[in-house]
Amino acid sequence: MGAVDVMASSGYYPVGSIGQNLDRIEQVVRRMNKPFFFAEAGCMRVQGSAQVPNDWTLQGARDDEEQNRWYQALFAALATRPWLRGAALWDWPLDAAHDSAYSFCHAPALATIRDAWQR
């Protein structure tokens, strides 16, 4: 582990277990004494996606608020863990016309994300 500068993982946890998973990760972070960040984290704008944010095959009605609630829960959990150094959020398309279910650039979650990063 001495050659490792930083640790990272994906952060696609069900909304109700984000804190529990961060507690699990914190044990490793403290033991290894290395910075940690989420190399990728996100949730779709699909009904039910907050329970299975890593399932990109989930089909259902568009639900912008489900995605927003997931991001609110993520940032609330991150705010209480100073050892967590950040997160790369999925999906911010280069082409604004590309509007995937994970995209938040045309959704209420964008305001939640902006507020969190401004704090």
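I began with the buried side of helix H1 and listed Ile 18, Asn 21, Leu 22, Ile 25, Glu 26 and Val 29 as buried. I note here that the model is a predicted one.

I then looked up what these residues touch. The buried residues of H1 pack against strand E1 (7–10), strand E2 (36–41), helix H2 (64–79) and strand E3 (84–89).

I checked the length of H1. Residues 18–32 make up the helix, 15 residues in total, and the reach from first to last C-alpha is 21 Å, close to the 21 Å expected at 1.5 Å a residue. Just past the end of H1, I found Asn 33 with a positive phi of about 55°.

Next entry: H2 and H3. I took H3 as residues 109–118 and found that its axis and that of H2 come within 8 Å, crossing at roughly 15°. H2 is therefore roughly parallel to H3, since angles under 35 degrees count as such. I recorded the crossing of H2 past H3 as right-handed.

Which residues of H2 and H3 meet? From H2 I wrote down Gln 67, Asn 68, Tyr 71, Gln 72 and Phe 75; from H3, Ala 109, Thr 112, Ile 113, Ala 116 and Trp 117. I sorted the residues of this contact into six nonpolar, four polar and no charged.

Last entry: Asp 115, which I located in helix H3. Is Asp 115 buried or partly exposed? I found a relative accessible area of 43%, so Asp 115 is partly exposed.

Technical notes
Residues are numbered from 1 along each chain as its sequence is written. This is a predicted model: local features need pLDDT of at least 70, side-chain atom pairs count only at pLDDT 80 or more; totals for chains, interfaces and linings use all residues. Side-chain values use heavy atoms; hydrogens and water are left out. Helices (H or I, at least four residues) and strands (E, at least two) are DSSP runs, numbered from the N terminus. The expected span of a helix is 1.5 Å times one less than its number of residues. Buried means under 20% relative accessible area, exposed over 50%, partly exposed in between (1.4 Å probe, protein chains only). Contact means heavy atoms within 4.5 Å. Axes are lines fitted to C-alpha atoms, for helices over the stretch in contact, and angles run from 0 to 180 degrees between N-to-C directions. Angles under 35 degrees count as roughly parallel, over 145 as roughly antiparallel, 65 to 115 as roughly perpendicular and the rest as oblique. A crossing is left-handed if the near helix is turned anticlockwise from the far one by less than a right angle, and right-handed if clockwise. Ala, Val, Leu, Ile, Met, Phe, Trp, Tyr, Cys and Pro count as nonpolar, Asp, Glu, Lys and Arg as charged, and the others, Gly among them, as polar.
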